[in-house]
Amino acid sequence: MEPGPLMLVAPRLLLVVFAGLTLHLSLFATIRIGDVRPDVLLLIAVAGGIAGGPERGAVVGFAAGIVADLFLHTPLGLSALAFSLVGFGVGTLQSSVIRAAWWIPPATACMASTAGILLYALLGALIGRPEFLEPRVLAVAAGVGAANAILAPALVPVMAWAMPHEPDRSYV
Amino acid sequence: MAMSRRSARPRFTLLLLVLTAVTLLTLDERSGGLGVVGAMRDGARDAFAPVQDAADTAFRPIGDFFQGAVHYGDVEEENARLRQALAERDGELLRAEDAARERQALLDQQDLEFAGDIPTVAARVVVGPASSFDLTVQIDRGRNAGVAPGMPVVSGAGLVGRVVDVSRSRATILLITDPKSSVGVRLANSGDVGVAAGRGSRSTLRLDYVDPATKVDRGEAVVTSGLQQSVFPPGVPIGTVVAARSGAGSLQQDVTVEPAVDLRRLTFVKVLQWSPAP
């Protein structure tokens with residue numbers, strides 16, 4: 001994280017992560033098509049990378065992942081590992097974007113969320129949860145990617161508010 | 001030089017985060033979900049429970065509206081099915097006394113214990129599956145209400161799953177359709193036993209170890225076997241057979257079972273305060 005604004009950023013980030021968790025466990029637990037639903041905490045990691053760059057993206061992803069792990073029946077640290085890598089990847093990608101366009105955040109959220117679910121499943125399989133790599137994982141990843149793409153335009157500005165000192169080439 | 005140091009910092013931060021996550025994973029694996037890690041989870045769930053309850057109350061109507069809109073066809077179909085079922089029940093009511101006698105006789109014949117004798121804890125499902133992978137639900141009763149890991153969970157129609165994690169005010173239920181779930185079962189007609197395994201989606205179960213020579217009928221009831229060391233009491237309905245076929249040279253039949261409980265629309269469940277005989 002950049003030095004200086006930590007006192008401002010940390011409380012805002014906590015607020016966003018816990019608001020995201022609340023929505024994830026209540027509203028978005030009921031909004032599902034088939035077995036697929038939006039993954040708000042993964043989207044927070046993606047939006048963190050979009051709004052804050054690689055370093056902040058990784059930190060936000062780690063925080064969102066730890067919170068997810070505390071409420072899922074999955075090994076503690078699995079979501080944190082996957083989400084921090086996703087946040088870092090998105091942040092690295094966004095720092096190479098030169099032109100701002102309205103469709104870039106949803107497209108990034110779609111691709112990054114799809115990749116995030118696949119990464120989560122792969123890491124899960126590596127630590128002894130082979131059932132995560134069942135055939136439907138591709139459909140789940142695509143569904144989460146589509147759902148998160150719809151939510152991204154609403155969440156990315158929230159993350160930009162939570163982390164006001166944006167990197168020079170952010171496209172938010 | 002300063003530029004190089006600056007560009008290396010995000011990677012260094014990522015490395016620290018990855019190492020922290022791997023350390024947590026190792027700790028969780030070593031402790032088996034208990035100890036410090038278990039205490040962290042329990043504390044987080046208990047602390048967040050009031051917020052979750054309030055949010056659930058506030059957002060439930062929106063979720064119901066969405067489910068109604070998305071699954072309008074299903075709702076209409078279910079409505080028609082329920083009307084038909086109600087009409088059939090009116091007729092069946094007349095035969096209820098005789099059916100109850102027959103059922104008791106059948107239970108006695110199959111040496112099944114009546115699940116109703118087991119003390120229960122009624123609970124409300126407060127959180128559906130928290131991710132697209134996670135086939136668990138959370139209920140609003142925990143250790144304080146007498147819920148313990150391993151206890152079976154049922155609804156009026158049959159088996160829902162078993163308790164896998166408990167905090168003071170919450171418990172996590174592993175649904176029978178989760179790939180990690182396997183239930184010892186018995187086919188009602190033949191009496192053959194097998195294992196009902198989850199497939200990872202909340203639709204059907206796969207029945208393993210059924211002899212190819214066994215005649216398995218479509219619509220045949222499947223109940224928990226309750227064999228020695230089984231984690232479920234005997235006679236709890238699991239579902240009905242929807243497909244069965246034997247491949248040439250196969251050592252077992254491919255049997256598919258549709259769960260008796262609609263696991264997509266769980267609202268209230270009962271935890272059976274039951275543990276297998278030692």
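Helices (H or I, at least four residues) and strands (E, at least two) are taken here as DSSP runs, numbered from the N terminus. The structure is a predicted model, in which local features need pLDDT of at least 70 and side-chain atom pairs count only at pLDDT 80 or more, whereas totals for chains, interfaces and linings use all residues. Residues are numbered from 1 along each chain as its sequence is written, and chains are lettered from A and ligands numbered from 1 in the order in which they are written.

Of the 172 residues in chain A, 57% are buried, a residue being called buried if 20 or more other C-beta atoms lie within 10 Å of its own, exposed if 12 or fewer do, and partly exposed in between, with C-beta atoms placed from the backbone. Two residues are in contact if their C-beta atoms, placed in that way, lie within 7 Å; among contacts in chain A between residues at least 6 apart in sequence, 71% join residues at least 24 apart.

Just after α5(A), Gly128(A) adopts a positive phi of about 100°. The 17 residues of α4(A) reach 24 Å from the first C-alpha to the last, close to the 24 Å expected, and α4(A) is mostly covered, with 15 of its 17 residues buried.

When neighbours within four places in sequence are left aside, the contacts of Val46(A) include Val86(A), Val90(A), Ala109(A) and Asn148(A).

Where chains A and B touch, 37 residues of chain A and 44 residues of chain B take part in the contact. On the side of chain A that touches chain B, α3(A) again gives the most, with seven residues.

In chain B, six strands close into a barrel in the order β1-β2-β5-β4-β3-β12, with antiparallel pairing, two strands being paired if DSSP finds at least two bridges between them. Strand β1 (residues 120-127) of chain B is joined to strand β12 (residues 268-272) of chain B by five bridges, and Thr120(B) has Leu272(B) as its bridge partner in β12(B).

Strand β8 (residues 205-208) of chain B has a covered face, formed by Leu205(B) and Leu207(B), and an uncovered face, formed by Arg206(B) and Asp208(B). In a regular strand the side chains alternate between the two faces of the sheet. Four bridges connect β8(B) with strand β7 (residues 193-198) of chain B, the two running antiparallel, and Ala197(B) has Arg206(B) as its bridge partner in β8(B). Three bridges join β8(B) to strand β11 (residues 254-259) of chain B, also in antiparallel fashion, with Leu207(B) standing opposite Val255(B) in β11(B).

Methods
The expected span of a helix is 1.5 Å times one less than its number of residues.
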